Amino acid sequence: MNRTVLATCETASAQSTSVARPPLFASPWSLGGIASIPTRLYNALHRSVFTKRALCSRSKELDEIRRFAQQPSDIDEHLEMMFTETLLCRPNVIVELGVRGGASTFVFERAAALCSATLVSVDIDDCSFVSHYPQWHFVKGDDVEFASHFPEFCRMKNIAPSVDVLFIDTSHYYDHTVQEIQAWMPLMSARAKIMFHDTNMRLVGPRKDGCFQIAWDNQRGVIRSIEEYLSTEIDESEVYTDCVNGWLVRHSPYCNGFTIMDRVSCSSDEAIRHGLVTENQ
Ligand SMILES: C[S@@+](CC[C@H](N)C(=O)[O-])C[C@H]1O[C@@H](n2cnc3c(N)ncnc32)[C@H](O)[C@@H]1O
């Protein structure tokens, strides 16, 4: 990728016409729209009775994330865990696919700062304003397309071309998630951690706080892509942990679902690629 193409990747308009976008709001006359009315009323009543308090810690970053997560959203119940999981990986490079208003970016920029890691965020919309972290790079474009330019991008930015933490939170569609996994998996480091949001999307889904999450039905798009990659089956409505084909897989059904894959062993080809063994070992 030459400099002109890289500039295109970082700033110019994405080919958003060819990118499938999920629905923003359910039509008021659809099942989701009708179900959302009593659900919203119930949630408001529940929140007025059970107010959420952010616990204090000795970490400024953790406290900031806990305060931020007090605002209910489609991801608030995962933010603290995304922070601790990222720290545990001690990453050099974090890649975030799907930025929108920057809730996940808020978490990753804090974890990145504590590890002196580089954070690369990708979105088809312009989200270049959401972070001021000095080692943050925002790329406006399609995340699958960008994966093919990633090694060149890293060379030009002097970043190691190997991703330690990958966060996927984009269209939630099956076809697109399959492509994301195919495109980004070869770029993952030996200690890869991949976090997927929206692995249990329903019109009305469970939350840990006793309220209900209102979403849309993505026909198991994200979790089905993971199942196929791992050649396994996951009941996304339950808490789940297993070791499958070299990955530790943990799944939480709450708040639209969240699934984490940690690489625990490599195939011999992968081990050679990561420099863990040489070809004649
Ligand atoms: C659910 S939002 C992300 C939420 C964000 N992670 C947060 O915590 O607030 C999904 C985002 O993915 C972006 N997106 C959808 N398809 C994409 C694609 N093919 N490539 C890059 N970004 C995409 C959308 O523009 C949208 O901003």
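Me: How are helix 6 and helix 7 oriented to each other, roughly parallel or roughly antiparallel?
Reply: Helix 6 and helix 7 are roughly parallel to each other. The cut-offs: angles under 35 degrees count as roughly parallel, over 145 as roughly antiparallel, 65 to 115 as roughly perpendicular and the rest as oblique. Helices (H or I, at least four residues) and strands (E, at least two) are DSSP runs, numbered from the N terminus.

Me: What kind of model and numbering is this?
Reply: This is a predicted model, where local features need pLDDT of at least 70, side-chain atom pairs count only at pLDDT 80 or more, and totals for chains, interfaces and linings use all residues. Residues are numbered from 1 along each chain as its sequence is written.

Me: Back to the pair. At what angle do helix 6 and helix 7 pack?
Reply: About 5°, with the axes 9 Å apart. Helix 6 spans residues 143-157 and helix 7 spans residues 174-184. Axes are lines fitted to C-alpha atoms, for helices over the stretch in contact, and angles run from 0 to 180 degrees between N-to-C directions.

Me: Which residues meet there?
Reply: Helix 6 brings Asp143, Val144, Ala147 and Ser148. Helix 7 brings Gln179, Glu180, Ala183 and Trp184. Contact here means C-beta atoms, placed from the backbone, within 7 Å. By class, this contact has 4 nonpolar, 2 polar and 2 charged residues. Ala, Val, Leu, Ile, Met, Phe, Trp, Tyr, Cys and Pro count as nonpolar, Asp, Glu, Lys and Arg as charged, and the others, Gly among them, as polar.

Me: How do helix 3 and helix 5 cross?
Reply: At roughly 175°, with their axes within 10 Å. Helix 3 and helix 5 are therefore roughly antiparallel to each other. Glu61, Glu64, Ile65 and Phe68 of helix 3 contact Phe106, Val107, Arg110 and Leu114 of helix 5. That contact divides into 5 nonpolar, no polar and 3 charged residues.

Me: And what about helix 3 with helix 4?
Reply: Helix 3 and helix 4 pack at about 155°, axes 9 Å apart. They are therefore roughly antiparallel to each other. Leu62, Ile65, Arg66 and Phe68 come from helix 3, and Leu79, Glu80 and Phe83 from helix 4.

Me: Which residues of helix 4 are buried?
Reply: Met82, Phe83, Glu85 and Thr86. A residue is buried if 20 or more other C-beta atoms lie within 10 Å of its own, exposed if 12 or fewer, and partly exposed in between, with C-beta atoms placed from the backbone.

Me: What covers them?
Reply: The cover includes helix 3, helix 5, strand 1, strand 4, strand 5 and strand 10.

Me: New topic. Which residues touch the most others in the largest nonpolar core?
Reply: Ile94 and Leu166, out of 47 residues. A nonpolar core is a set of buried Ala, Val, Leu, Ile, Met, Phe, Trp, Tyr and Cys residues joined through C-beta atoms within 7 Å. Leaving aside neighbours within four places in sequence, Ile94 contacts Thr86, Phe108, Ala112, Ala117, Leu119, Asp164 and Val165. A second, separate core of 5 residues includes Met201, Phe212, Ile214 and Ala215.

Me: Which residues come nearest to the ligand?
Reply: Gly98, Arg100, Ala103, Ser104 and Asp143, of 18 residues around the ligand. A residue is near a molecule or strand if its C-beta atom, placed from the backbone, lies within 6 Å of it. Helix 5 and strand 2 each supply at least two residues of that shell. By class, the shell has 7 nonpolar, 5 polar and 6 charged residues.

Me: What is the phi of Gln219?
Reply: Near 55°, a positive value in a residue other than glycine. Most residues other than glycine have a negative phi. Gln219 sits in the loop between strand 7 and helix 8.

Me: Is Gln219 buried or exposed?
Reply: Exposed, with 10 other C-beta atoms within 10 Å.

Me: Where is Ser231?
Reply: In the loop between helix 8 and strand 8. Ser231 also has a positive phi, about 55°. Ser231 is exposed, with 8 other C-beta atoms within 10 Å.

Me: Last one: where does Gly205 lie, and what does Gly205 touch?
Reply: Gly205 is in strand 6. Gly205 counts as buried, with 21 C-beta neighbours inside 10 Å. Not counting residues up to four places away in sequence, Gly205 touches Asn200, Phe212, Gln213, Ala215 and Asn256.

How values were computed. Two residues are in contact if their C-beta atoms, placed from the backbone, lie within 7 Å.
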